[in-house]
Amino acid sequence: MPLTREPNLEDPDGLYAAILEAHCDLSEAESVALNARLVLLLANHIGDEAVVREALTLARQSIDAAAPQEGGDRSFS
Amino acid sequence: MRDVRQIHFPHRRSADQDRPQPRHHPLVIVGAGPVGLVAALDLARKGHASVVIDKKSSLSDGSRSICWAKRSLEIMDRLGVGQALTEKGITWKTGKVFFDRGRVFEFDLLPDAQHRRPAFVNLQQYYLEHFCIEAAKRTGLIDLRWQEEVTSLTPTGDGLLLNIATPAGGYRLVSDWVIAADGARSALRRSLGLAFEGRVFDDQFLICDVRLKLGRPAERWFWFDPPFNRGRSALLHRQADDVWRLDFQVGASADRDQETRPDNVARRVRAMLGEDVAFAFEWISLYRFQSRRLERFRHGRVLFAGDAAHQMSPFGARGGNSGIQDADNLVWKLDLVLRQLAPATLIDSYDQERIAAADENLINTTRSTDFIAPKSAISRAFRDGVLALARTEPSARRLVNSGRLSVATHYQTSPLNGPDALGPGVAPAVRPGAAALDAPVAAGWLHDHIGDGFVGVWFARDPGLTQPFARDAGLLSERALPIKTVVVSDAIACERYGAEPAPAYYLFRPDQHVAARWRHPQRAAVEEAVARATGSRC
């Protein structure tokens with residue numbers, strides 16, 4: 001089964017808030033630690049390696065797309 | 001047993017040195033470490049004489065490789081030294097992993113009983129070498145030449161010319177095949193100018209072996225970020241003679257001379273084991289991991305094996321064990337080629353199978369190293385996340401990587417593999433390419449009945465069902481390259497080989513790996529599979 005890309009949450013705003021709330025009062029390093037643990041727990045729950053890899057690719061692409069082109073002026077980013 | 005490390009091997013001037021023309025030896029092995037000695041023993045077992053050349057005058061100077069995996073022990077059993085290793089060594093199968101002050105994880109490497117050998121036996125490398133040398137002497141076929149060094153290696157038309165330096169001057173030999181088992185700093189590799197590509201890790205590790213009485217079970221204990229080595233890792237292993245292996249991660253910038261000074265090491269030992277512990281040092285060594293291999297292990301008639309061919313981080317005990325498997329894979333092929341029962345191209349399958357094995361070992365040891373010594377902040381965040389979650393989450397325990405311990409390589413994609421008529425779902429651990437899985441049989445163990453030659457094993461709860469094959473079995477045993485047939489009806493063996501209730505026939509190679517398997521073997525199909533497994537058909 002491929003990665004679900006259509007909306008799949010009953011209360012998206014509520015869950016979004018819950019994610020932010022989990023990071024409340026954390027330092028940047030602690031937030032990184034929390035995100036890492038979240039990824040590990042969810043990846044195991046999903047269980048389907050292809051789905052997790054598809055999500056990884058998608059996430060990475062969205063970062064690469066936002067990054068300035070090579071030789072570009074980084075000061076604008 | 002006397003202290004084998006005191007044994008001195010004098011140089012004995014060979015009669016070859018007095019010949020006007022270089023003497024011809026079909027097989028020369030360079031390096032009398034575990035890999036070279038195993039190759040020599042296996043060749044002798046098949047009737048081939050060899051000359052083994054080593055520049056040392058004693059056994060391995062430190063414990064070095066200490067963890068011998070089940071598969072290595074099975075190979076050693078075939079060569080007649082497995083029992084001595086197991087009796088002298090320390091048997092273990094349990095590993096414990098600690099994070100900070102708490103235990104996060106425990107594993108059992110051999111949860112199934114009913115195997116002759118345990119998952120691991122810990123034994124100092126010098127003992128393994130000693131037992132092999134004693135066995136080598138008994139064969140009468142192994143010419144061990146200590147304190148000699150191959151200084152050059154030149155291909156001639158159909159062989160190799162070796163220049164050898166000795167304390168009594170130089171001499172030359174010609175050889176058909178050279179096995180280069182001369183270790184991580186292989187002089188042969190350098191003399192042939194071969195690239196040894198890969199990664200060298202920055203982090204340094206301090207190994208020390210100490211002799212002490214320690215009331216702890218024989219288990220592998222691994223610490224991440226313990227109070228006695230903050231931010232780093234440590235490892236504890238028991239060896240024979242009340243010697244314990246301690247391994248401390250000491251960081252990239254540690255100073256070699258400072259770190260290896262006995263008073264500094266002693267401080268580490270006491271911090272780990274207790275301030276009042278009494279101990280004596282056996283060996284101290286500082287190292288950086290390397291992860292690299294030769295692009296090819298076969299270079300014409302020079303065959304690289306063990307650390308000379310591939311070097312990897314020690315977490316997982318894959319160095320010494322994979323070297324022994326290299327020799328196990330190579331020797332039966334050389335034997336068949338030398339006896340003209342297989343084309344010389346069979347040797348190319350050594351390259352294919354053992355490079356696949358080296359890559360598997362390299363990827364496993366590299367992943368372990370990345371987990372043990374994270375290279376970036378995010379890599380550390382994931383690592384620490386795994387360890388923290390592992391306290392309560394079974395899913396995270398599976399990710400804790402303190403070394404994925406050596407198991408036999410399954411040659412899944414080998415061109416030597418024949419048909420899998422049982423299908424991939426049946427007993428997948430013993431599909432073609434896999435090493436045999438041990439099991440108790442009426443008179444001992446399955447491994448006693450396979451190896452050295454090709455053997456067809458019927459696993460059948462009712463041996464009567466194999467009767468229709470009896471005539472074919474007779475004909476198979478009369479070939480130039482005979483195929484022996486064995487019938488096994490023991491319940492555990494039949495279950496492990498997917499022969500319950502219907503019988504199954506497995507063709508085993510001389511290295512005890514599965515070549516092919518059927519429910520209803522035909523003589524022609526078995527012969528075809530042997531032809532494929534000996535490189536006669538591809």
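Two residues are in contact if their C-beta atoms, placed from the backbone, lie within 7 Å. By that rule, 6 residues of chain A are in contact with 10 residues of chain B. The chain A side of this meeting has 4 nonpolar, 1 polar and 1 charged residues. Keep in mind that this is a predicted model.

**Two helices of chain B**

Two packed helices are described by the angle between their axes and the distance between the axes. Take helix α1 (residues 34–45) and helix α8 (residues 319–338) of chain B. They pack at an angle of about 25 degrees, and their axes are 9 Å apart. Angles under 35 degrees count as roughly parallel. Therefore α1(B) and α8(B) are roughly parallel to each other. Their crossing is right-handed.

Which residues meet? From α1(B) come B:P34, B:V35, B:V38, B:A39, B:D42 and B:L43. Their partners in α8(B) include B:G320, B:G323, B:I324 and B:D326. B:A327, B:D328, B:L330 and B:V331 of α8(B) also take part. By class, this contact has 9 nonpolar, 2 polar and 3 charged residues.

**An enclosed helix**

Is helix α2 (residues 70–78) of chain B largely enclosed or open? A residue is buried if 20 or more other C-beta atoms lie within 10 Å of its own. In α2(B), 9 of the 9 residues are buried, so this helix is largely enclosed by the rest of the structure. Charged names such as B:K70, B:R71, B:E74, B:D77 and B:R78 are among the buried residues. After α2(B) comes B:G80, with a positive phi near 85 degrees.

**A strand with two partners**

Strand β5 (residues 94–99) of chain B has side chains that alternate. B:G95, B:V97 and B:F99 point to one face and are buried.

β5(B) pairs with two strands of chain B, as the table shows.

How many residues lie between β5(B) and β6(B) in their hairpin? There are 2 residues between them. B:D100, in the turn, has a positive phi of about 60 degrees.

Terms used: Residues are numbered from 1 along each chain as its sequence is written. Chains are lettered from A and ligands numbered from 1 in the order in which they are written. This is a predicted model: local features need pLDDT of at least 70, side-chain atom pairs count only at pLDDT 80 or more; totals for chains, interfaces and linings use all residues. Axes are lines fitted to C-alpha atoms, for helices over the stretch in contact, and angles run from 0 to 180 degrees between N-to-C directions. Helices (H or I, at least four residues) and strands (E, at least two) are DSSP runs, numbered from the N terminus. Angles under 35 degrees count as roughly parallel, over 145 as roughly antiparallel, 65 to 115 as roughly perpendicular and the rest as oblique. A crossing is left-handed if the near helix is turned anticlockwise from the far one by less than a right angle, and right-handed if clockwise. A residue is buried if 20 or more other C-beta atoms lie within 10 Å of its own, exposed if 12 or fewer, and partly exposed in between; C-beta atoms are placed from the backbone. Two strands pair if DSSP finds at least two bridges between them.
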